[in-house]
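Q: Please take a close look at one part of this model: a pair of packed helices and the loop that joins them. Then set it against the rest of the chain.

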Amino acid sequence: MLGRGTLCIVIFFVVPASAQVVAPHADSLEPYLRFEDSSPLSCLVTLLPPFFLQHELELKAFVGSRKFSRLRTAYGDRNAMDIIFVRAMKLTDNNTAVALFLSTLACFDHRMVGLRIPVFNLFFPLTNESEDEFNRRVANLPSHLYLDSPPERAGDRDKLQHFFGSALLSFVFESRGSADRVGEFVEEGEEAVIVDGVNDERDKSANREGQRFGSALLSDNHLLPSRYLRKSLAPVRVMSEISQCIGVW
């Protein structure tokens, strides 16, 4: 009998063609945070991979749009993160696994990834966007998700791909443990294998938040990711030490 994870993989490219989102004329947050129930038979519509690529392009174009920039400015970065996921859900007619994957791709903030191999480094493209399209999208990515996000413009925008990627793994494998092991492997290998890679504790914290979100989606896929963000990404040990110091002082 197929489990939920196996089923998600089987229907990975099952994205209804009729799912089209018409943007409202006025800037309003409500349409972007409202889930729409899909047709009961929508999961039976089988499409070719190009439709997945189409939805990827559509979501990336939306994130890079002036509309999204205005919504982010008006309602804040946490709400903007929710908008990305809900938009992906609407594009895929509530196919949660594909929506999480699209959200991850739409939040990549690097055009290339470099691998350290003997003698030379090997680089691979991570997007088919033009340079201008890539720059507009990355500039629009929510970056100040926590009270302790770095003040510079980039902030914590790289945590989005960690969050959604980990949520995808937890949802597909139906296990936070499996997602955590993959996350640990990636973080430990990143510094050794990826050019300019860093083993970052804040990345690991974002991974764990995404795992909680992905696991929760197994029971209810009408949840917003910002509910699973803590107020701070500071390590618990450091926060405990600060509290003790304040108490002593």
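A: In this predicted model, α4 and α5 are oblique to each other. Oblique is what remains once angles under 35 degrees (roughly parallel), over 145 (roughly antiparallel) and 65 to 115 (roughly perpendicular) are taken out. The helices themselves are DSSP runs (H or I, at least four residues), numbered from the N terminus, and strands are E runs of at least two.

Two packed helices are described by the angle between their axes and the distance between the axes. For α4 and α5 the angle is about 135°, and the axes lie 8 Å apart. Axes are lines fitted to C-alpha atoms, for helices over the stretch in contact, and angles run from 0 to 180 degrees between N-to-C directions.

Which residues meet? From α4 come I84, F85, A88 and M89, and from α5 come T96, A99, L100, L102 and S103. Contact means heavy atoms within 4.5 Å. The contact of α4 with α5 has 7 nonpolar, 2 polar and no charged residues. Nonpolar covers Ala, Val, Leu, Ile, Met, Phe, Trp, Tyr, Cys and Pro; charged covers Asp, Glu, Lys and Arg; the others, Gly among them, are polar.

Now the loop. D93 sits between α4 (77-91) and α5 (96-106). Its phi is positive, about 55°, although D93 is not a glycine. N94 is in the loop between α4 and α5 too, and its phi is near 65°, again positive in a residue other than glycine. D93 is buried, at 17% relative accessible area, and N94 is buried at 12%. Buried means under 20%, exposed over 50%, partly exposed in between (1.4 Å probe, protein chains only).

Elsewhere, α7 (residues 159-173) and α9 (residues 201-217) pack at about 40°, with axes 7 Å apart. That makes α7 oblique to α9.

How far does confidence reach? The mean pLDDT of the chain is 76, and 62% of its residues reach 70 or more; pLDDT is the predictor's confidence in each residue, from 0 to 100. Over residues 1-25 the pLDDT is below 50. Where pLDDT is low, the predicted coordinates should not be read in detail.

Residues are numbered from 1 along each chain as its sequence is written. Local features need pLDDT of at least 70, side-chain atom pairs count only at pLDDT 80 or more, totals for chains, interfaces and linings use all residues, and side-chain values use heavy atoms, with hydrogens and water left out.
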